[in-house]
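Biologist: Please put the model on the screen, and let us go through it together.

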Amino acid sequence: MEHFKDFRHTNFKVGDIQLFKNISKDELLKIKQQLDYCPVVTAKSGEIVLDSQSSGACLYVVLSGILALTSNTSKRQLENSTIQYFAGECVGEISVLDEEASTATIAAVTDAQLLLIDSVIMWRLIDDSNGVARNLLQLLSFRIRTTNAQLRNRQKVGEFYRQLSMVDGLTGLHNRSWLNTQLPGLIENAHATQTELSIVMVDLDHFKKFNDQHGHVMGDEALQVAAKVVSAGLRPSDFAARYGGEEMIIILPNTSKESALIVAERLCDRIRHAQVFKDSDQALPHITASLGLATLTEGQDGLAVISSADAALYRAKERGRNQVAL
Ligand SMILES: Nc1nc2c(ncn2[C@@H]2O[C@H](COP(=O)(O)OP(=O)(O)OP(=O)(O)O)[C@@H](O)[C@H]2O)c(=O)[nH]1
């Protein structure tokens, strides 16, 4: 940035600077005297004003032009930055107080003229004027609130994407990653609380044939219908995840073999009666599913109980499909 002139040689008014708003005329006069020899610099559009490399703690008051908080200095990024600083506003208020490097990068969106107030003068202004101290405190509170709001937003967005990464895009059920992270805890809890936990594997029958006859898009449609039937048929405390291609897994905490059998029979029946529509008035042949059920036994881990349910599923297929097996 180029040294332009001292503040006393410019036409800018101290009262136009937000930090010096609502301050008596007498105090403003004293402030003006302190600022008279402070340098005014020019920053070219795109030029970095403040970053972690900046040496010397200064408060930068925007006298003309626009600055913006940015992660890089491309013109587009700068112009689209949602945090911009206009004439009268300032940046660097934290660095000037604690004399630490800035954690933010601030650059000029347009050519700008900036008044630099170093930390010695800044502290003198605070010591001499309650108004400056009050304005600075208000500015710092505003910055903290803005930062907190941004953090909260980021947390929400992070959680949203975390949840999204645990959901199967086609069926809306939980996916395999979800299963891998959640099943061990559910099993551990069942063992610790000595409660029963049952697992049901659901596999659509002759799905290859269904795909071959009606096309992959209709196959997807059928999978979505089956997933909806499964979700709708469970209690809020149960879980359903897409395990593989046309295979789903259902976890039933607090559920004995007998109760799980009732659930599995009900789902098998509902899938059998579910309709897949090619278009609004033409239903495709019904789909059916085979279901294998296993209940957690002492010392079993997730893999072992899944493998028992898989073996049961195999038996259901062998016995002619469209049924539940233990
Ligand atoms: N449309 C569609 N098909 C899928 C998807 N995932 C897996 N499949 C199909 O599901 C079929 C599964 O075939 P197989 O494993 O031979 O089993 P099947 O034809 O259902 O026969 P059984 O399980 O023995 O009754 C394959 O043709 C896969 O391409 C999917 O996301 N969408």
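Biologist: Which helix gives the most to the shell around the ligand?

Modeller: Helix 8 does, with four residues. Helices (H or I, at least four residues) and strands (E, at least two) are DSSP runs, numbered from the N terminus. This is a predicted model, in which local features need pLDDT of at least 70 and side-chain atom pairs count only at pLDDT 80 or more, while totals for chains, interfaces and linings use all residues. Residues are numbered from 1 along each chain as its sequence is written, and side-chain values use heavy atoms, with hydrogens and water left out.

Biologist: Which elements each supply at least two residues of that shell?

Modeller: They are strand 10 (197–204), helix 7 (207–214) and helix 8 (216–232).

Biologist: How many residues surround the ligand, and which are the closest?

Modeller: The ligand is surrounded by 17 residues, where a residue is near a molecule if one of its heavy atoms lies within 4 Å of it. H206, F207, N211, D220 and R242 are the closest.

Biologist: What lies 3.1 Å from a nitrogen atom of the ligand?

Modeller: A polar backbone atom of H216 does. Such a polar contact is a pair of N or O atoms within 3.5 Å. The side chain of D203 has an N or O atom 3.1 Å from an oxygen atom of the ligand, and a polar side-chain atom of E246 lies 3.4 Å from an oxygen atom of the ligand.

Biologist: And how much of the ligand does the protein bury?

Modeller: The protein buries 68% of the 660 Å² that the ligand exposes when taken alone; these areas come from the Shrake-Rupley method with a 1.4 Å probe.

Biologist: Changing topic, how much space lies in the largest pocket?

Modeller: About 740 Å³. On a 1 Å grid over the protein atoms alone, a pocket is an open set of points where a 1.4 Å probe fits, with protein on both sides within 12 Å along at least five of seven lines, and lining residues have an atom within 4 Å of a point. A volume is the space filled by probe spheres set on the points. The largest pocket is lined by 28 residues, and L69, Y85, A104, R143 and T147 are the closest to its centre.

Biologist: Which element gives the largest share of that lining?

Modeller: Helix 5 contributes eight residues, the largest share. The elements giving two or more residues are strand 6 (84–85), helix 3 (93–98) and helix 5 (130–164). The lining has 12 nonpolar, 10 polar and six charged residues.

Biologist: What is the volume of the second largest pocket?

Modeller: The second largest pocket has about 200 Å³. Helix 5 gives the most to its lining as well, with five residues; the lining residues include Q18, E89, N135 and F142.

Biologist: Now the strands: in what order do the five strands of the open sheet lie?

Modeller: The order is 1-2-9-4-7, with antiparallel pairing; two strands pair if DSSP finds at least two bridges between them. Strand 1 (2–6) and strand 7 (90–91) are the edge strands, each pairing on one side only. Strand 4 (residues 58–64) and strand 9 (residues 112–118) are antiparallel over six bridges, and L59 stands opposite I117 in strand 9.

Biologist: What joins strand 11 to strand 12?

Modeller: A hairpin of four residues joins them. Strand 11 (residues 239–242) and strand 12 (residues 247–253) pair in the antiparallel sense over four bridges, with A240 opposite I250 in strand 12.

Terms used: A polar contact is a pair of N or O atoms within 3.5 Å; within protein, one must be able to donate a hydrogen and the other to accept it, and residues adjacent in sequence count only if both atoms are side-chain atoms. Ala, Val, Leu, Ile, Met, Phe, Trp, Tyr, Cys and Pro count as nonpolar, Asp, Glu, Lys and Arg as charged, and the others, Gly among them, as polar.
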